[in-house]
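Keep the selection tool ready.

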Amino acid sequence: MSLIKNRVSTAYFIAPGQFTPQQEPIREELFSAERMEQLASHLATEQSRVAKTPSGPSLTTQAYENRRILLQCYQTISESAHTQLAATPSVDWLLDNFHVVEDQLRELDDNLTVQSSRALPKLIDGPFAGYPRIYAVVRTFIAHTDCRFDPALLTRFLQAYQRIEVLTIKELWAVPMCLRFFMLDNLRRLSVRVIALQDARQKADAFADELLAYRNQPPDVVDAAFRKMTVPDFSPAFAVQLIHRLRYQDVSLHHLNDLLREQSMDGDAIVQAEHASQSADNLSVRNIVVSMKTMSVFDWQGWFEGVSLVDECLRRSPDFGLMDFATRDRYRHALEEIADGSNRSELDIARRVIAKTSATNNSTFAATDRMSDVGYLLIAGGRRGFEQEIGFRPSLRQHFMRVCVSHANAAYFGGMALLTLLLLAVPLVISARAGLEWGQLIFLAFLGAFPASDMAVGLLNKFVSKMFGPRYLPRLQLEDGVPAGMRTFVVVPTLLTSEASVAEQIEQLEANYLSNTKGEIHFALLSDWLDADHEVEATDRQLFDLAQAGIAALNTRYGALPGGEQRFFLFHRKRLWNARQKKWMGWERKRGKLHEFNRLLREAKDTSFITAEQNAPNLPPDVRYVITLDCDTKLPIGVVCRLVGTAAHPLNWPRQDSETQRVVEGYGIIQPRITPTLPLASESSLYQRMFSGPGGIDPYAGAVSDVYQDLFGEGNYTGKGLYDVDAFEAALAGRVPENAILSHDLFEGIYARCGLISDIELFEDFPSHSEVAASRIHRWTRGDWQLLPWIIGPKSRSVPALGRAKMADNLRRSLSAPASLFLLLGSLTMLHASYMVWLGFVLLSFAFPVLLSIYDALLPRHPGISKPHHVRVLATDMMRAVGHAALALTLLAHHAWLMIDAIVRTLFRLFFSHRRLLEWVTAAQVRNAANFSFGNFLWPLRGATFVAIGSTAIILLFNPGAILAAAPFIILWWGSPICAVDQPAAS
């Protein structure tokens with residue numbers, strides 16, 4: 001056994017006995033299905049005493065040792081595979097399929113944690129006392145099936161067990177993990193036996209080779225040599241191999257038989273027994289490998305719902321089976337929480353829920369009463385009352401989370417203010433000790449509050465996401481597609497600008513259809529012409545005819561819906577005179593386009609759509625939902641059904657307040673997550689790589705909306721998503737005056753109530769050109785400041801507190817760049833202001849989003865990741881944070897100028913001129929006008945030059961001695977046009 005002792009540690013514990021170098025495999029008598037059911041019933045009777053205690057032996061330690069020993073055994077077996085020794089079938093199975101074993105090891109590492117083991121009910125007595133009950137159940141199943149995974153037999157076994165003792169939801173979900181654990185444990189035992197077998201055979205061969213050297217000697221010489229030789233540790237495998245080698249040597253075989261008789265062994269019997277044992281081991285290894293392959297592709301979700309008594313009870317509600325798996329799983333997890341906090345069984349809670357919902361309403365989704373859904377008592381408004389009824393006691397963590405949610409405004413915004421003060425205290429204390437006066441400190445504190453608040457928001461959002469996790473909205477499955485009662489229009493508001501853009505929009509509309517073909521889904525372009533000085537321009541008819549021809553071609557190519565309704569549409573509006581803008585243009589731009597389209601769906605005859613005047617085409621009846629996209633938005637496969645399924649779930653149906661008409665429960669708008677697409681090689685640029693994504697400056701790509709959804713129960717609408725036509729129009733009726741709002745998305749989301757679903761993604765392009773991004777940010781900022789009358793003043797009375805806070809937060813974010821610029825200038829113009837401290841403070845705020853993501857990645861999330869690779873990744877991320885901060889500092893003057901320009905323009909137009917509030921240039925127009933030449937960058941970034949000149953003058957006027965310290969910043973800001981020039985990468 002020297003080979004095993006050198007390679008395999010023997011010091012660890014495996015229930016229910018101590019580990020020995022050769023543990024017997026987990027293998028008992030094979031039972032029929034009927035005997036297995038009897039065994040399960042007997043087992044359930046013996047295991048009736050369980051306790052919910054976190055203590056118990058460490059299963060993760062045993063799993064780690066199994067992994068280590070299996071890898072060592074594989075290494076040993078693979079090294080010995082090159083010898084002339086014949087390999088057993090077990091060795092072949094291991095060598096050929098060890099990648100399957102490694103997959104199962106990784107799966108077990110991901111799922112078997114200390115927390116998951118502690119949450120399982122433990123046995124109080126018996127050989128497995130202290131271990132999870134489900135471990136003993138699965139081990140028994142493994143032993144009497146010889147590790148053969150038979151889903152039907154496993155289901156019958158557990159169903160028989162649950163006729164006496166009901167298994168919890170956690171225990172049933174732990175069954176796959178337990179199967180993997182014991183199969184790997186058994187494979188570890190068999191691998192050690194394989195190594196022991198090889199070691200014994202090698203020793204027998206060495207002994208036989210030494211003895212056979214005397215084959216030509218007289219018998220007495222052979223006899224004397226045999227008696228002088230030392231026989232190694234005697235084992236059946238050693239004896240069988242020695243018998244095989246000496247079977248034609250009469251003298252040696254005679255002495256071997258004498259030796260066997262001394263060991264109370266019979267040669268023939270030991271050969272038969274050893275061959276039977278090896279055959280059984282070969283079969284067990286085969287069963288394990290085949291079972292692992294089957295388990296890796298098995299539908300465990302469907303199996304769980306077929307064996308769970310709780311799920312069987314909940315399915316008595318006709319609504320439950322129509323939901324998708326994630327929704328059903330969320331209901332079950334909520335039921336688990338209630339059962340854990342009320343000392344009642346999960347099955348009892350499920351029965352009470354079904355009884356209450358049945359008493360409330362026996363109808364299905366045709367009912368308008370949300371209380372008829374079982375989720376109303378589990379995850380919605382009926383839960384608190386149900387908890388009180390059954391005596392639920394929340395844990396300390398649950399109580400803290402409920403207090404935060406109940407006082408979400410105070411908790412979130414109060415926490416943001418507190419963190420801002422704490423972050424700001426450090427540079428202020430240093431500046432105060434350096435000798436600054438109170439007036440100077442107040443000035444720096446006011447400016448420093450903006451970058452400090454940016455960091456505070458990042459920290460608070462990270463805390464909320466860790467504490468609460470994502471809030472998953474319930475959803476219907478809609479396996480057969482969108483039904484007629486949920487008929488949906490996918491619309492793309494756009495402008496007809498050129499023949500190329502029209503062809504591109506038709507192509508994109510076709511792509512969106514091809515990825516979402518199931519059900520009653522219609523697709524349309526909602527188009528306007530460009531603003532003009534005249535009602536009709538020379539190219540109007542040509543572009544309109546081209547768009548109509550493209551839509552007609554799509555209808556010819558793909559045909560009508562099964563009910564005969566047209567599939568593709570073009571809804572084009574005529575120009576109307578706008579006295580405020582002094583232009584002929586589409587009424588109220590995108591907001592007006594969607595509003596008129598909604599009225600058109602409800603048979604209005606007074607819209608500005610040209611198709612309405614011609615009374616063609618025939619609109620499909622009873623359109624319930626509209627999904628609005630931007631021109632560059634891409635729909636993934638099946639996303640329309642998932643969006644409609646979310647909106648159509650009873651708990652998400654919008655309910656409006658009878659007085660204010662605001663949606664106060666459910667959601668009138670469903671907002672998916674927006675993700676920037678991977679750029680083409682010909683369009684990728686440094687600006688795009690640095691600023692697209694959560695770490696960049698794009699507020700629509702950040703995680704703020706996730707936090708609003710998780711903590712406040714409603715997200716931010718960004719203009720790309722689904723809305724309920726009737727609820728949307730009712731919530732916004734009479735609220736928006738003409739020529740007043742440019743960025744209407746947030747405003748609409750506040751009144752119609754927006755629900756964010758982060759597990760559904762839409763994709764859109766991020767600007768590769770800094771001028772395109774600047775134009776977009778400038779437009780957003782103007783739109784945000786146009787909402788000022790709804791934040792302060794008489795109009796704010798109709799806006800809820802959270803809505804005003806969202807609007808104000810957008811204003812705060814727009815002031816961050818100007819405040820950071822003036823903070824740096826202030827620290828440079830004041831004596832003893834410790835400008836290096838304030839510079840570090842500003843740079844930290846720039847790099848903070850990336851640093852937060854690095855903090856999450858400090859420790860590897862999965863075992864097996866090499867430390868050098870992990871360190872290299874961290875170093876790359878750190879360099880990215882440094883580059884992000886450096887580029888943000890370089891472009892600070894430009895961004896500050898951009899924000900100041902947008903704010904001043906808006907305030908002037910809002911309170912004085914009352915004109916050009918709807919000024920808007922599409923991203924496509926800016927992109928087409930822009931190029932990557934130096935001259936094209938110079939004029940848009942002229943603001944940075946003005947800022948650099950002004951900063952130099954201010955410093956020379958107030959603190960000439962600081963001009964050398966300020967020189968690097970001034971040079972950076974002056975040279976920012978050069979830094980912004982970034983040619984796209986070559987293909």
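The tour below goes from a sheet to the helices on it, then to the cores. Keep in mind that this is a predicted model.

**Stop 1: the sheet.** Select β7, β6, β5, β10, β14, β13 and β15, in that order. These seven strands form an open sheet with mixed pairing. β7 and β15 (754-764) stand at the edges with a single partner strand each, so one side of each has no neighbour in the sheet. On average, neighbouring strands are turned by 25° against each other, direction ignored.

**Stop 2: strand β6.** Select residues 521-529. Are they buried or exposed? Nine of the nine residues of β6 are buried. Colour the two faces separately. Ile521, Phe523, Leu525, Ser527 and Trp529 point one way, while His522, Ala524, Leu526 and Asp528 point the other. In a regular strand, side chains alternate between the two faces of the sheet.

**Stop 3: the partners of β6.** Find Thr488: its bridge partner in β6 is Ile521. Now show α23 (residues 499-514), which makes a right-handed β-α-β unit with β5 and β6.

Move to β7 (residues 568-572). Five bridges join this strand to β6, and the two run parallel. Ser527 has His572 as its bridge partner in β7.

**Stop 4: an antiparallel pair.** Select β10 (residues 625-628) and β14 (residues 721-724). They run antiparallel, joined by four bridges. Thr628 has Gly721 as its bridge partner in β14.

Two helices pack on the sheet. Show α27 (residues 639-648): it touches β5, β6, β10, β13 (669-676), β14 and β15, and its direction makes about 175° with that of β15. Then show α30 (residues 725-732), which touches β10, β13 and β14 and makes about 75° with the direction of β14.

Stop 5: Pick Val640. It touches Val482, Val490, Asn516, Ile521, Ile627 and Leu635, leaving aside residues up to four places away in sequence. Val640 is among the residues with the most contacts inside the largest nonpolar core, which has 132 residues. Helix α9 (residues 175-212) gives the most to this core, with 13 residues. A second, separate core has 46 residues, including Phe848, Leu889, Ala893 and Ile955.

**Stop 6: helix α40.** Stay on Ile955, one of the buried residues of α40. Others to select include Gly943, Val947, Ala948 and Ser951. Finish by checking the length of α40 (residues 942-958): at 1.5 Å a residue its 17 residues should span 24 Å, which agrees with end C-alpha atoms 25 Å apart.

Methods
Residues are numbered from 1 along each chain as its sequence is written. This is a predicted model: local features need pLDDT of at least 70, side-chain atom pairs count only at pLDDT 80 or more; totals for chains, interfaces and linings use all residues. Side-chain values use heavy atoms; hydrogens and water are left out. A nonpolar core is a set of buried Ala, Val, Leu, Ile, Met, Phe, Trp, Tyr and Cys residues joined through side-chain atoms within 4.5 Å. Buried means under 20% relative accessible area, exposed over 50%, partly exposed in between (1.4 Å probe, protein chains only). Contact means heavy atoms within 4.5 Å. The expected span of a helix is 1.5 Å times one less than its number of residues. Two strands pair if DSSP finds at least two bridges between them. A crossover is right-handed if, with the strands pointing away from the viewer, the path from the first strand over the helix to the second runs clockwise. Axes are lines fitted to C-alpha atoms, for helices over the stretch in contact, and angles run from 0 to 180 degrees between N-to-C directions.
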